[in-house]
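Dear colleague,

Please find below the structure I said I would pass on. My notes on it follow.

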Amino acid sequence: MITRLFSFRGGVKPDAHKSESAHAPIAMAPMPERLIVPLRQSTRATARCIVQVGDLVLKGQRIGEPEGTLGTAVHAPTSGKVIEFGLHPLAHPSDLNTRCVVIEPDGADRWIERQVFDYHTASREQALAQLRDCGIVGLGGATFPSHVKLGRGTGIETLILNGAECEPWITCDDRLMRERARDILAGASILRDLIGARRLVIGIEDNKPEAIAAMQAAASNIDGETSVVAVPSLYPAGGEKQLIRVLTGIEIPYGKLGAEFGVQCFNVGTAHAVYRALAHGEPLLSRIVTLTGNVARAGNYEVLIGTPISHLLTLCGPKPDTDRTLMGGPMMGFALPRLDVPVVKGTNCIISASPALFPPPLPEQPCIRCGECARACPAELQPFELYWFSRAHNFGKAQEYNLFDCIECGCCSYVCPSHIPLVDYYRFAKSEIWAREREKSAADQARDRFEFRNFRQEREKEEKAAKLAAKAAETRAKLGDTPAPSTAAKADEDPKKALIAAALARAKAQKEAVQPRNTDQLSADTEAEIAEIDARRIKASLEDPAASGNPPSPDRSPESTP
Amino acid sequence: MLTALLIMTGIALVLGAALGYAAIRFRVEGDPLVEKIDAILPQTQCGQCSYPGCKPYAEAIAKGEADINQCPPGGEEGIRKLADLLGREFKPLSEEHGVEKPKSVALIDEQTCIGCTLCIQACPVDAIVGAAKQMHTVVEPLCTGCELCLAPCPVDCITMVEVPETVQTWKWKYPVFELRKSA
Amino acid sequence: MIHSPYIRKPASVQRVMFNVLLALVPGIAAYVWQIGAGILVNIAIATLTAVAAEVIMLSLRKRPVMLAATDLSAVVTAWLVALAFPPIVPWWLTVLAVLVAIVAVKHLYGGLGQNPFNPAMAAYCTMIVAYPALMSQWPAAGTVDFATQLHLILGGARELDAVTGATALDALRTGLRANGSVATLLQSNTYGAVGGRGWEWIAAGYLLGGLFLLASRTITWHLPTGFLVGLGVTSGIFWLIHPEQFASPLFHLASGGAMLAAFFIVTDPVSGATTPRGKLIFAAGVGLIAYLIRAFGAYPEGIAFGVLLMNICVPLIDMKTQPAVFGHRGGRQP
């Protein structure tokens with residue numbers, strides 16, 4: 001079947017460098033001495049640790065409980081002993097820490113008893129829950145939870161499998177498609193059933209003929225309209241939006257999801273993981289990682305999540321002139337600030353970089369507005385305008401010029417004759433805008449709460465005055481004409497001070513024996529006051545509109561990196 | 001001569017009428033300046049500016065009673081924004097009002113807390129929960145770090161803890177390059 | 001810390017500028033062949049002045065001198081100044097013009113990439129206002145030999161009418177003002193097949209270079225097309241209305257600096273519009289203004305004024321012609 005192909009504007013053609021690592025079959029990476037499993041495995045969500053130091057865990061045993069709507073479960077990649085739970089640096093340009101469970105493997109690699117999941121009889125909701133509990137996230141790089149993406153509605157026309165793998169050097173999807181095409185397609189047909197898609201289109205860049213052949217062979221074995229399409233090799237054809245455009249002609253704007261346009265896109269690795277989770281009940285414990293670059297033995301390995309990068313590097317043997325190690329591809333990846341960080345679900349490639357392969361950038365020259373970047377931009381932005389605005393901290397203007405449509409693919413920086421690190425400016429501007437939005441929503445919340453508190457205090461004052469007046473009138477009526485307002489005020493103040501003094505004295509005693517609630521030895525008068533305060537507080541909390549709510553956390557839309 | 005005078009008078013009248021109409025037609029309602037100033041202030045409600053909250057300080061600035069450099073939590077950036085908005089010169093933070101500190105939140109040592117509720121009453125944004133004779137705790141996302149709860153505490157069980165940077169809040173830095181490297 | 005992308009296309013400002021210089025070579029060759037080698041002397045004077053001015057300004061501004069002085073942008077400006085000026089202007093006029101271009105128009109506005117006006121054209125306008133006579137002496141092909149050219153460039157005494165004719169454009173306009181008709185005027189010795197005699201070959205040289213720039217993707221088609229269409233259509237309208245009084249579009253396109261402007265002057269990226277539609281509007285505007293000044297103004301050539309006037313409009317043009325971003329246009333969903 002011939003599918004009409006569309007094209008996206010822009011794009012670049014860097015040297016592919018696929019042959020270095022694409023020749024050898026996927027090998028199992030040997031077990032490291034210890035696995036550092038970060039609990040932050042999907043975008044914006046960190047799982048809650050449910051094991052304790054000293055616990056013995058089995059392979060596939062859940063160690064992190066999903067929290068929040070974007071949470072996914074985290075599992076022990078092998079059997080062994082939990083030796084630590086604490087903060088460890090994450091593979092991230094920030095070099096910041098995140099909560100990790102450190103497991104010392106026992107070498108037996110003993111599986112937990114796998115719950116067989118029959119996806120033929122299960123409901124859609126059960127299947128999505130199973131994916132969440134198996135920790136399935138998008139393996140293209142963005143690690144967006146698959147159950148959330150799948151949950152965005154049914155009635156999808158087209159399911160797209162992304163096997164484009166347009167970034168230079170990376171071959172993990174290529175090898176996966178060559179070797180496990182049948183599993184990928186089995187996963188794809190499950191995905192298709194889950195979203196009710198009519199047809200399945202698999203997009204693979206035409207520089208991977210073996211993968212295309214393998215996928216075509218496997219595709220002939222599954223039911224339904226399925227086509228394997230070779231797309232022209234043009235970076236970033238593997239960007240989710242670009243691939244959808246090429247295969248269907250549909251353009252998905254920033255902030256919108258494919259589901260709204262009747263199309264959904266999943267990485268081939270994700271389809272594979274979905275198959276393992278739903279057909280075999282296996283959680284996502286490992287992934288394929290390409291080890292390449294300035295190394296003696298480039299290749300693809302199946303690596304357990306949590307394996308330290310330094311351990312992986314011993315497999316490929318970086319040459320002596322290696323000066324950096326990159327995670328991800330050279331277009332969108334980042335230089336690892338340190339090597340003791342673990343592999344996470346989004347780690348697709350580790351590149352040893354040398355000055356010869358990745359020369360340091362030439363000195364920056366002034367922008368001459370040549371427009372080369374605009375011609376290369378697959379989002380059809382005017383990158384040099386965004387650059388001027390970001391440079392001048394003119395973030396409002398940058399947003400007006402659609403800064404957030406930028407997918408940070410790096411094409412503009414790649415072609416810039418002035419060697420300006422354009423993408424760095426956009427990253428800076430974006431994170432600055434997010435920070436400001438966070439600050440602003442925190443400030444708005446504080447303002448609301450402050451104003452409400454003032455309003456409440458005012459009201460309480462009025463209520464108290466009214467009550468006092470009523471009391472005074474009552475006393476007057478009882479005692480005749482002698483008014484006594486001052487005694488009422490004193491009665492309100494004095495016991496409180498006495499109470500604090502008493503509490504201070506008690507606090508010392510309390511240090512020895514902590515008592516949960518020392519309500520004994522109270523005068524009836526104080527008891528009454530406490531009751532009154534409690535009542536007031538309950539009333540106030542009922543009226544309080546600004547109850548809670550975290551500031552909206554700005555993050556990327558769920559799309560896989562190209 | 002007379003014609004010229006008439007023409008000039010006519011033009012003056014027409015333009016005057018147009019300006020007058022515009023003044024009515026495009027009049028700006030309310031006092032947006034106070035709102036604009038208030039929007040720049042960090043809403044910490046700490047009172048370090050010597051006004052009881054951010055809004056009163058904004059009103060004071062708008063009236064010209066207060067200077068723009070009295071807000072330590074807003075820091076230098078806040079002063080710059082105010083200077084921009086009001087068309088004034090930037091000036092450094094006035095020292096008598098305090099110093100700029102990293103964003104912090106209050107933390108109650110729950111072992112020491114005696115449950116006196118004084119901090120609850122002091123908190124301008126109701127970010128402390130607890131009841132009399134029960135230990136209190138700070139709702140961290142609501143705390144503005146104003147430090148108003150520190151002074152009233154009779155057992156000094158409240159400390160300010162700096163908010164750590166996380167992967168979520170981490171920011172990409174402004175790209176800097178050696179201009180003279182190749183010179 | 002260096003961030004991604006870690007690979008870059010081998011491109012540089014030098015390479016862009018070098019391509020422009022390379023593309024000027026056929027035009028210069030035709031110039032030397034038809035008019036004489038005097039232009040080479042002018043180019044040399046302009047180049048030396050430009051590079052010296054560039055180095056001085058960069059060090060005064062405390063910028064990396066070696067990096068910026070070798071980007072060839074000053075050389076491009078110098079060559080354009082020399083080629084836009086009459087080939088027999090005295091040396092000091094060239095020096096002055098280049099100083100105006102590099103010091104005042106380029107560096108006082110912040111150096112490469114920051115100037116709102118095209119330096120070469122700003123210099124041209126300054127000089128034509130300051131020295132209208134010297135800027136209007138254009139020798140026709142074969143009328144002035146190299147020795148005389150050198151003599152004039154080095155500041156020799158000028159017996160003006162003896163050595164110089166007016167340009168084709170100038171002669172045509174003077175003739176038309178004197179109630180001549182286009183057809184009879186074009187019979188004179190000043191004109192060749194389509195434009196000024198000899199000058200039409202130079203225009204062909206620029207066209208050749210321009211095609212090279214298009215082929216090497218140094219420039220896009222928008223700017224030359226916009227300019228040529230703007231000039232051609234405007235002149236065509238007047239020509240159709242009154243062929244006796246107005247020269248044909250072909251004459252206008254082949255005369256004066258039209259070809260130089262189309263491929264080398266309106267294509268200056270720094271001071272020009274940048275969006276595809278904006279480029280068309282910008283260049284067409286230059287063509288329109290150039291024609292109006294040629295036909296009705298006080299100067300024989302109006303391209304420089306057209307460029308400066310349109311430079312002023314660039315921010316507005318760019319703002320109003322921002323192209324739709326991926327996914328933001330309604331019509332492209334199938």
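**Domains of chain C**

In this predicted model, the domain assignment divides chain C into domain 1, residues 13-165, and domain 2, residues 172-319. The C-alpha centres of domain 1 of chain C and domain 2 of chain C are 20 Å apart. Between them, 32 residues of domain 1 of chain C are in contact with 30 residues of domain 2 of chain C. On the domain 1 side of this contact in chain C, H1, helix H4 (73-84) and helix H6 (119-130) each supply at least two residues. H1(C) gives the most to that side, with twelve residues. By class, the side of domain 1 of chain C that touches domain 2 of chain C holds 23 nonpolar residues, nine polar ones and no charged ones.

**Chain C against chain A**

Chain C also touches chain A: 32 residues of chain C are in contact with 46 residues of chain A. On the chain C side, helix H1 (residues 13-34) of chain C gives the most, with three residues. The residues of chain C on this side are 16 nonpolar, eleven polar and five charged.

**A helix pair in chain B**

In chain B, helix H2 (residues 32-40) and helix H3 (residues 54-63) pack with their axes 8 Å apart and at an angle of about 125°. H2(B) is therefore oblique to H3(B). The crossing of H2(B) and H3(B) is right-handed.

Which residues meet where H2(B) and H3(B) pack? From H2(B) come Leu33(B), Val34(B), Ile37(B) and Asp38(B). They meet Cys54(B), Lys55(B), Ala58(B), Glu59(B), Ile61(B) and Ala62(B) in H3(B). In the contact of H2(B) with H3(B), seven residues are nonpolar, none are polar and three are charged.

**One residue in chain A**

The last item is Phe389(A), which is found in helix H11 (residues 383-391) of chain A. Is Phe389(A) buried or exposed? Phe389(A) is buried, because 21 other C-beta atoms lie within 10 Å and the cut-off for a buried residue is 20 or more. Not counting residues up to four places away in sequence, Phe389(A) touches Asn394(A), Lys397(A), Ala398(A) and Tyr401(A). Phe389(A) and Gln399(A) are ten residues apart in sequence, and their C-alpha atoms are 9.2 Å apart in space.

Regards

Methods: Residues numbered from 1 in each chain as written. Chains lettered and ligands numbered in written order. Predicted model: local features only at pLDDT ≥ 70, side-chain atom pairs only at ≥ 80, totals over all residues. Contact = placed C-beta atoms within 7 Å. Helix = DSSP H or I, 4+ residues; strand = E, 2+ residues; numbered from the N terminus. Nonpolar A, V, L, I, M, F, W, Y, C, P; charged D, E, K, R; others polar. Domains from an automatic or database assignment. Axes fitted to C-alpha atoms, helices over the stretch in contact; angles between N-to-C directions. Parallel < 35°, antiparallel > 145°, perpendicular 65-115°, else oblique. Left-handed = near helix turned anticlockwise from the far one by under 90°. Buried ≥ 20, exposed ≤ 12 C-beta atoms within 10 Å, placed from the backbone.
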